[in-house]
Amino acid sequence: MLAVALAAVAALFFAQGVARLRRRGRADLAGWDRVALFAVGLVVPVVALVGPMDRLADTHLAVHMLQHVLIGDLTPALLTVAVRGPLLVFLLPAPLLAPLARSTRVRAFLSTLLRPRVAFALWAANLAVWHVPYLYDLVLRRDVVHYLEHACWVVAGLLVWTLLVDPGGHRRLTVGGRVALAAAMFACGQVLADVLIFSFQTLYPAYPGRTDQQLAGVVMMAEQLVTLGALAFVLLRPRMRGARLVAA
């Protein structure tokens, strides 16, 4: 139920941000397309963490992997796209935003986390650590560890997708840099996917064998192809169009 509570809080913050922008006559910056994206971005983790999927994740490695990619990739991607532009600033009410904005420690901490090398290192470390067989099995026995695992996936995903989407327009990375980051993430994910798919032994004793393990690798590969592939296409499309015009 923690996922539902957090989603409800996020929805309230988003709703007040949309309302404030619309009162200022900027409905173009807070359209229904943004509302729909944010809503889907909240529904996805709730579906992943509450109900049948969460129960199946305890007995099927592929479903557990699906949980991870949904909360660590798809959810951050949808949320960061939904809040891009001025809407990002309006997410927090002024009484909450002002003290945070004035705090040099908070700004320095966030700035450090959002350095491309730092964010990618944290994301890659999260991917590697939580797929160590001992820890992967431990989360099935300890709820606290399981909650920590899910929190790490969400935070790591938000860091890298903030750089990939750049909702605040900070330009920490060029377009080429964002494509390179997406490619590096895909490469790391494929290393893990290949291990799961082509390993000759069962790596996770708590789950029912190699077929489930191979399916988990396919799930990760497919999700990254969709999310990171779509991002790369959007980023490179203007350049491809320009190249076609030059060639013509």
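Student: Which residues line the largest cavity?
Tutor: A cavity here is a set of points, on a 1 Å grid over the protein atoms alone, where a 1.4 Å probe fits but cannot get out, and a lining residue has an atom within 4 Å of a point. The model is a predicted one, in which local features need pLDDT of at least 70 and side-chain atom pairs count only at pLDDT 80 or more, while totals for chains, interfaces and linings use all residues. Residues are numbered from 1 along each chain as its sequence is written, and side-chain values use heavy atoms, with hydrogens and water left out. On that basis the lining of the largest cavity consists of His 68, Val 69, Gly 72, Asp 73, Trp 123, Leu 127, Trp 153, Met 220 and Glu 223.

Student: Which helix supplies the largest share of that lining?
Tutor: Helices are DSSP runs (H or I, at least four residues), strands are runs of E of at least two, and both are numbered from the N terminus. Helix H4 (61-82), helix H8 (116-129) and helix H12 (210-247) each contribute at least two residues to the lining of the largest cavity. The largest share, 4 residues, is that of H4.

Student: How much space lies in the largest cavity?
Tutor: The count comes to 1 cavity of 30 Å³ or more, where grid points are joined across faces, edges and corners and a volume is the space filled by probe spheres set on the points. By class, the lining of this cavity has 5 nonpolar, 2 polar and 2 charged residues, with Ala, Val, Leu, Ile, Met, Phe, Trp, Tyr, Cys and Pro counted as nonpolar, Asp, Glu, Lys and Arg as charged, and the others, Gly among them, as polar. The space in the largest cavity is about 40 Å³.

Student: Which residues touch the most other members of the largest nonpolar core?
Tutor: A nonpolar core is a set of buried Ala, Val, Leu, Ile, Met, Phe, Trp, Tyr and Cys residues joined through side-chain atoms within 4.5 Å, where buried means under 20% relative accessible area, exposed over 50% and partly exposed in between (1.4 Å probe, protein chains only). Of the 47 residues in the largest core, those with the most contacts to other members are Met 65, Trp 161, Leu 164 and Met 185.

Student: What does Leu 164 contact, leaving aside its neighbours within four places in sequence?
Tutor: Contact means heavy atoms within 4.5 Å. With those neighbours set aside, the partners of Leu 164 are Arg 178, Leu 181, Ala 182, Met 185, Leu 228 and Leu 231.

Student: Is Leu 192 buried or exposed?
Tutor: Leu 192 is placed in helix H11 and, not counting residues up to four places away in sequence, touches Met 65, Leu 127, His 131 and Met 220. Because its relative accessibility is 12%, Leu 192 counts as buried.

Student: Asp 166 and Arg 171 have positive phi values; is Arg 171 buried or exposed?
Tutor: Asp 166, which is not a glycine, has a phi of about 55°, and Arg 171, also a residue other than glycine, has a phi near 55°. Asp 166 counts as buried at 15% relative accessibility, whereas Arg 171, with a relative accessible area of 69%, is exposed.

Student: Finally, what is the radius of gyration of the chain?
Tutor: The chain has 12 helices and 0 strands. The radius is taken over C-alpha atoms, and the globule rule is 2.2 Å times the number of residues to the power 0.38. For 248 residues that rule gives 18 Å, to which the value of the chain is close, so the chain is as compact as a globular protein of that length, with a radius of gyration of 19 Å.

How values were computed. 1 Å grid on protein atoms, 1.4 Å probe; cavity = no way out; pocket = protein on both sides within 12 Å on 5 of 7 lines; lining within 4 Å.
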